Structure formats: C-alpha cells, structure tokens
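Please look over the structure shown below before reading the notes that accompany it. The notes are grouped by topic, so that each can be followed on the displayed chain.

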Amino acid sequence: MRAPCTLALLVLSACAEPSTLRDEERDTGEQPIDASVAPPGLVIETEPLPSAQVGEAYRSRLQASGGAEGARTWSLAGGDLPLGLELSDEGVLEGRPRRPETARFEVQVEDLEGEVARAGFELEVESEPLRIVQSSVRDGATTRRYEAAVRAEGGFGPLSWRVVDGALPPGVGLVPRTSTAALEGYPQEPGRYPLTLEVRDRADGEVERTFDINIVDDAVGGEPAMNRTRRVERTHLRMNARTGEATAALVVGPSPEPGLTVDLDGPTLLAVDSPVGPLAFATRDGQLDIGLPRSTQTTTVTINYRMKLDDLRGARDFFPDTCGEAFPCRPHPRDAAPFAVSIEEAGPGRTAVFPERLQWPALAFQVGWVVAELEYIPLGRTPNGLELGIYAPTERRAEAMAGTSSLVAIATWLEERFGAYAWGPRYAPVVAGSRFYALETHPSPQIPAGAGDEVSL
C-alpha cells in the first residue's frame, strides 16, 4: 500500500538533518504549507475621502478587506457625519451636504463571524466660491425711478450686503435680498457716484466689487411744482394684472402757471413723461408734483408706476380720499372727467371686469375693477334694449341671482323716468366679497348680498 510509505517519507523528512537532503530537494524554492496560519484580519481601508460640495449630491463607498467572507455591516462608531449625509449598512456614505464644514468621525464594520474593525475619517465639505456676478450697473436719471440689482452666486447663505466705500446717489437705497442687492429709489442729484459693495456669507466668505453709477438730469421742464388748478380733462388707465405695471395717461389743460399736482399715495412711481421728454417730479404727503411747463394748449402727461398685485386683484372701489392708492387722480367733484380703462393678462381662469370707457365726466372714485374667477350671468333686457347681467363666482350663482331678481324691473323704471342708460349697452354689477358692486356708478346703486328685492339707489 502507498499510504504507509508516504507517511514514512514525511516522518523521515521531518527528522532528517539538512545535510542529508539532496541538492535538488534543497533548491526547489517551495515552502511547506503550515495549516495553522489564520486568514488576514478584518481591516478598513483608510484612503482619504473625496471632498463634498454644499447642496450637491455626494456618494462614496467605504472599503474593507480581510475577515470572513460574505456581507459586512457598517455603522457610525463616533463623531458626526456632515449635516445632510448618511452612512448605510452597506458602507455607502451619501446625501446632499447642507453646510460647509470639516467633519471628523469614526466608522466600524463587522463581518459574519463578529469580527469588528474601526477607522477614523475626515471629510471636507466646501461651498461654491462666493462671487459677485455683475461687473457694472446701469446709469440713471433724476426724472425716473432707479432700479438695479447686483447678484451674487455661491457661498453659504443667507448673504449680507453693505456699502464699504463711496456712496449711493442721494435718494437711492440698498435693499438686501436673498442673493441680490437691490439698488432702488428716486435719484435727487445728478453726478457720478463710485461705490464698493461687499457681500458676505455665513461661512465668513466675503467678496467686494466697485461700481460706478452716473445720474443725469434729463428733465425738459422745470422743478416739480404744486398746481391743482390745472385741469385733468381725460384719464386713460392701462394695467397689467400679472406684473402690476401700470400707466396713467392724463390729458391736462393749459395753464399760465407751471406744474401739475395729482393724488398718488401707495404705488411705486417709475417715471413721468411728456411728448417733449421726461419731466421732473416729487412725491410728498400723498401727492405727486410734476414739473410741467406752463402752456396755452392741452398736453398729455404719462405716469408710469407699479401697483401692488393685491391692489389690482379683487374688488377695487374708491371713495374720495382713496383713489390715489391705485392710480393718479383728482378726487374733488369739480375734477370729474371722462375715463378709459384697460386691464391686461388677468391670468388663467380669471376675468377682468372694468368700465372700458366712461364717455361722460365721472368722479375719480367712481372707477373700479375686479380681477377674479367669475362667470357672466345674463338677467334680461329693458324695453330700450339695455342688457342686464351680473358677474359672480360660480359657487355664488344662486345668491347673486336672488340679490338681483328685480334689477331688470328697476332699470326699466329708471329709463322710463330719467331716459336711456348713458354708460353703454350693458349694465352688469359684480359680486365681490360680501357685497355686489355696480362699478360704473359706485357708490350708487349698491345691492347688499342676499338683499332680495331691497335696492338702495
């Protein structure tokens, strides 16, 4: 049998002196196998982790070698991971870092036989370098509202802005916003204004940039002057319900004295123009004074302004002291004048209801509008052909019709008593809030919601 012989040879080799081995056995280079040597222990590889960027997706897999074959379980053993990152059981470090920081932490890994290894790591979370995007801002004029924005990118917000050298033009202020510095106001003095802006983030990063603002005086008239005797003969309002941008074109009469004064308290004034060029203006105590030269003829003054969207949407009706909150006006009864109104971009699902044209002189506080989700409900016609209807939200249709059930009869009686309706071919009150408004002739008639046949004229 071969097995006893093999065993005998192994015993002999173990006991023999080295000198008894043949040369060919001594020089093979092979080493005998020692079955008692254990496999390598579990070790975490500690290659440096790639850095992370604030707000950007991060993913890095930790590695380990040795230990028992099969799945390993990873966990955080000490310290804190960067805010926004998590370590999975599979050893994947991922997430979106939320702030710049240097995080130091320890992880551990365990194999199927319970062997555990630990290692420490350092992870640098960086923010995108803070920088100011613009290299220049626009120039301005003393006749127009100045608006410019300086924008910054990167850094770790929120950002703070300040003027560290030079000065803004008198009348122009710095309004810090999320990532921009808004420069806005009414320049009061012409000239060149160099200034240096600084932006700083929460991680103490800071950047500066120098700008030049040149303000010119391009007024064609004189200084703003108060003049309420100059008559406003016609007003045409154009408004955008999406942006709040608005224009009031006032046809004003001749005057031996310079200047023009109207009420305007609330909207943001942008510019005042005339056929010969921009006009100087000033606002104080709820009134707008314009540097309109004296003239022997009528002329048109165009006032560009921006309304608050809350002022434009929903029901607007004006009493003598409040028309200036929405458009330039003359609220006194002696200043009644024809009006034209147009509203653009009411928005999806919205209807703009307004008196398109008031041919006869109307008081400024008789003009109003509604921008809302409304449907038109026809109610009938008078014998003279005047169409009667009402605008109301769909969910208030029944209430609206009940409140106007006598409207056709009332309109017929009025036409028989005072003549045909003079404002147009259709009369349509509007349900707004808790009341019905007749916008063309506010404040009369006004029909309280749910009043049935009771009508106040």
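This is a predicted model: local features need pLDDT of at least 70, side-chain atom pairs count only at pLDDT 80 or more; totals for chains, interfaces and linings use all residues.

**Helix α5**

- Helix α5 covers residues 407-418, and its 12 residues reach 16 Å from the first C-alpha to the last, which is close to the 16 Å expected at 1.5 Å a residue.
- The buried residues of α5 are Leu 407, Ile 410, Ala 411, Thr 412 and Glu 415.
- An α-helix has 3.6 residues a turn, so residues three or four places apart point the same way.
- Just after α5 comes Gly 419, whose phi is positive, at about 105°.

**The sheet β3-β7-β6**

- Three strands, in the order β3-β7-β6, form an open sheet in which the pairing is antiparallel.
- The edges are formed by β3 (58-61) and β6 (85-87), each of which pairs on one side only, and the twist from one strand to the next averages 10°.
- Strand β7 (residues 92-95) runs antiparallel to β3 and is joined to β3 by four bridges, with Ser 60 standing opposite Leu 93 in β7.

**Glu 198 in strand β16**

- Glu 198 belongs to strand β16, which spans residues 191-200; because its relative accessible area is 4%, under the 20% cut-off, Glu 198 counts as buried.
- When neighbours within four places in sequence are left aside, the contacts of Glu 198 are Ser 160, Trp 161, Arg 162, Val 164, Glu 206, Val 207 and Glu 208.

**Asp 289 in strand β24**

- Asp 289 lies in strand β24, residues 287-290, and is likewise buried, with a relative accessible area of 5%.
- The side chain of Asp 289 makes a polar contact of 2.8 Å with the side chain of Thr 261, and another polar contact, of 3.2 Å, joins it to the side chain of Arg 284.
- Not counting residues up to four places away in sequence, Asp 289 touches Pro 224, Ala 225, Met 226, Leu 260, Thr 261, Ala 280, Phe 281, Ala 282 and Arg 284.

**Gln 359 in strand β28**

- Gln 359 is found in strand β28, which runs over residues 357-362, and its relative accessibility of 46% lies between the 20% and 50% cut-offs, so Gln 359 counts as partly exposed.
- Leaving aside neighbours within four places in sequence, Gln 359 is in contact with Arg 234 and Pro 338.
- Gln 359 and Ala 337 are separated by 22 residues in sequence, while their C-alpha atoms are 8.5 Å apart in space.

Definitions and conventions. Residues are numbered from 1 along each chain as its sequence is written. Side-chain values use heavy atoms; hydrogens and water are left out. Helices (H or I, at least four residues) and strands (E, at least two) are DSSP runs, numbered from the N terminus. The expected span of a helix is 1.5 Å times one less than its number of residues. Buried means under 20% relative accessible area, exposed over 50%, partly exposed in between (1.4 Å probe, protein chains only). Two strands pair if DSSP finds at least two bridges between them. Axes are lines fitted to C-alpha atoms, for helices over the stretch in contact, and angles run from 0 to 180 degrees between N-to-C directions. Contact means heavy atoms within 4.5 Å. A polar contact is a pair of N or O atoms within 3.5 Å; within protein, one must be able to donate a hydrogen and the other to accept it, and residues adjacent in sequence count only if both atoms are side-chain atoms.
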